[in-house]
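Trainee: Could you walk me through a structure that is new to me? I would like to learn how to read its features one by one.

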Amino acid sequence: MDYLDLTRAFGVASLIMSIGFLFHLHHYEVMARKMVGEPAGFILGGVIPVLVGSLLLNFPHSLDHHWSSVLTVISWIIFLVGVFRIWFVHLWIKI
């Protein structure tokens, strides 16, 4: 892993977060106020999966073909869960 992989993962995560902030700014303002009192804010529930999923997707998989496919599917699931938590705040709050 080199700096280019980290930069790609950070770029994808930043893009997804900025789109989430753009469309759901009120919820993020309320959440930021609550995070001051509660360190376990729910934004980390979206940011961490996006970062981990991005890193796993950008790693070259040198494993067996079957394990590489399983790891790719798991990393996509992790990534999409993070995207869902950031972009669809209304649904995430209801869940």
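**Reading rings, core and surface**

Mentor: Gladly! Let's begin with one side chain: F84 counts as partly exposed because its relative accessible area is 29%. Please keep in mind that this is a predicted model.

Trainee: Which ring pairs with F84, and how are the two arranged?

Mentor: For a ring pair, look at the distance between centres and the angle between planes. F84 pairs with F88 in a tilted arrangement, 5.5 Å centre to centre and with 40 degrees between the planes. F88 is partly exposed too, because its relative accessible area is 41%.

Trainee: How many aromatic pairs does a search of the whole structure find?

Mentor: The search finds two.

Trainee: What does F79 touch?

Mentor: Here we set aside residues up to four places away in sequence. The contacts of F79 are then V12, I16, P49, V50, G53, S54 and L57. Let's look at S54 from its own side: this residue sits in helix α3 and is buried, because its relative accessible area is 4%. Apart from neighbours within four places in sequence, S54 contacts A9, V12 and F79.

Trainee: Which residues make up the largest nonpolar core?

Mentor: The general idea is that in soluble globular proteins, nonpolar side chains tend to be buried together. In this model the largest nonpolar core has 10 residues: A13, I16, Y28, M31, V47, V50, F79, V83, I86 and V89. Two or more of them come from each of α1 (3–23), α2 (25–37), α3 and α4 (65–87). Helix α4 gives the most, with three residues.

Trainee: And on the surface, which residues form a nonpolar patch?

Mentor: Look for L44, I48 and V52, which together have about 240 Å² of accessible area. V52 lies in helix α3, which spans residues 44–58.

Trainee: Why does V52 count as partly exposed?

Mentor: Because its relative accessibility is 36%, and partly exposed covers values between the buried limit of 20% and the exposed limit of 50%.

Terms used
Residues numbered from 1 in each chain as written. Predicted model: local features only at pLDDT ≥ 70, side-chain atom pairs only at ≥ 80, totals over all residues. Heavy atoms only, no water. Patch = residues over 30% accessible without salt bridge, like charges linked within 9 Å, V, L, I, M, F, W, Y side chains within 5 Å. Areas by Shrake-Rupley, 256 points an atom, 1.4 Å probe, with all protein chains shown as cover. Salt bridge = Lys/Arg side-chain N within 4 Å of Asp/Glu carboxyl O. Helix = DSSP H or I, 4+ residues; strand = E, 2+ residues; numbered from the N terminus. Buried < 20%, exposed > 50% of the residue type's maximum accessible area, 1.4 Å probe, protein only. Core = buried A, V, L, I, M, F, W, Y, C linked by side-chain atoms within 4.5 Å. Contact = heavy atoms within 4.5 Å. Phe/Tyr/Trp six-rings, centres within 6.5 Å; stacked < 30°, edge-to-face > 60°.
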